[in-house]
Amino acid sequence: MEIITSRNNYLIKDVVRLRDFPSFRRTTGLFFIEGIRLCLDAASSGLKAKYLFVTEKFYSSKKKECENLFPISEKLFLISDDVSEKISDTKNPQGIFLVVYGLDNQNNINKINFNGKYIAFENLQNPDNLGAAARTAEALGLDGLIVSGGCDVCNPKALRASMGSLFRLNVILSPDLSKTLIFLRDNGMSTYAAVVRDADTFVNTMDVSGGIVCAVGNEGNGLSEKVISSCMKKMTIPMKGRAESLNASQAATIIMWEMMSR
């Protein structure tokens, strides 16, 4: 196990870039995770790591757990507490990190199950919302998520919020959600746009038989008109009180529950 004590080490600088920049993650085909639970989730999900970084303090306290990560890691590094603080994305780092090879669950749209149930996100900006929605989708048994624009599915905050669900879910990346929805509609799926007003149906009365994909927009602006017009129907969640809309993750949770519980 090699030792790194300098915050200016070239590998440490690359880890910080993986943590902060989606473009660097795409270029390298790598992403960054931290915390023992998420690292073990990555291992149990069959992911492979290029690097494992761990502090002496954490290794001493969790030796067995750390050694469970050795077989999936190509290189092991013992790092100082100072380096751990440099690369961490949290206020109180545990002291264990992996640099992992890119997810292979982001299937081509042609592999979608046309009889399945999906949520599609357009330009979701908050990685916590994406991660929370992924966790709910896995828990409720959705066939997958379609993600178009917005935050990166390998964003460290999204991965933490998903509690490992983004490692396991079928996540389809769509460069043009409108075209994707038209493709799915043409292949027999019902396509719904979640809107605040002027809806054709309520979430609790929509037809959930057969294949369904429901599009949810971003936190500030909702769905684009282009995406709304490409869907077969507009659907809304009935609300009482003075709130105009729901958080994107909360809205998606209600929609997923209705899709899967009836």
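I looked up Met-163 and found it in the loop between helix H8 (156-162) and helix H9 (165-168), where helices (H or I, at least four residues) and strands (E, at least two) are DSSP runs numbered from the N terminus. I note that this is a predicted model, in which local features need pLDDT of at least 70 and side-chain atom pairs count only at pLDDT 80 or more, while totals for chains, interfaces and linings use all residues. Residues are numbered from 1 along each chain as its sequence is written, and side-chain values use heavy atoms, with hydrogens and water left out.

Phi of Met-163 is near 55 degrees, a positive value in a residue other than glycine. Its relative accessibility is 25%, so I list Met-163 as partly exposed (buried is under 20% relative accessible area, exposed is over 50%, and partly exposed is in between, with a 1.4 Å probe and protein chains only). I then checked Asp-198, which lies in the loop between E9 and strand E10 (201-202); its phi is also positive, near 60 degrees, and with a relative accessible area of 59% Asp-198 is exposed.

**Asn-218**

What does the side chain of Asn-218 reach at 2.8 Å? I found the backbone nitrogen of Asn-221 there, and I also noted the backbone oxygen of Asn-123 at 3.5 Å from a polar atom of the Asn-218 side chain. I count such polar contacts as pairs of N or O atoms within 3.5 Å; within protein, one must be able to donate a hydrogen and the other to accept it, and residues adjacent in sequence count only if both atoms are side-chain atoms. Asn-218 sits in the loop between strand E11 (212-216) and helix H11 (225-230), and it is buried at 14% relative accessible area.

**Helix H10**

In helix H10 (residues 177-186), I found Leu-177, Ser-178, Thr-180, Leu-181 and Leu-184 buried. They are on the same side of H10, because they cover an arc of only 160 degrees around the axis (the arc is that of the directions from the helix axis to the C-beta atoms). The face turned away from that buried side carries the exposed residues Lys-179 and Asp-186. At the start of H10, a side-chain oxygen of Asp-176 comes within 3.2 Å of the backbone nitrogen of Ser-178, and after the helix comes Gly-188, with a positive phi near 95 degrees.

**Helix H1**

Which residues of helix H1 (residues 10-20) are buried? I listed Leu-11, Ile-12, Val-15, Val-16, Leu-18 and Arg-19. Seen down the axis of H1, these fall within an arc of 160 degrees, so they line one face of the helix. Asn-9 caps the N-terminal end of H1, with a side-chain oxygen 2.8 Å from the backbone nitrogen of Leu-11.

**Leu-142**

Leu-142 is in the loop between helix H7 (127-140) and E7, and I noted that it is buried, with a relative accessible area of 7%. Leaving out residues up to four places away in sequence, Leu-142 touches, among others, Tyr-118, Leu-169 and Met-256, where contact means heavy atoms within 4.5 Å. The C-alpha atoms of Leu-142 and Ile-4 are separated by 42 Å, and the two residues are 138 residues apart along the chain.
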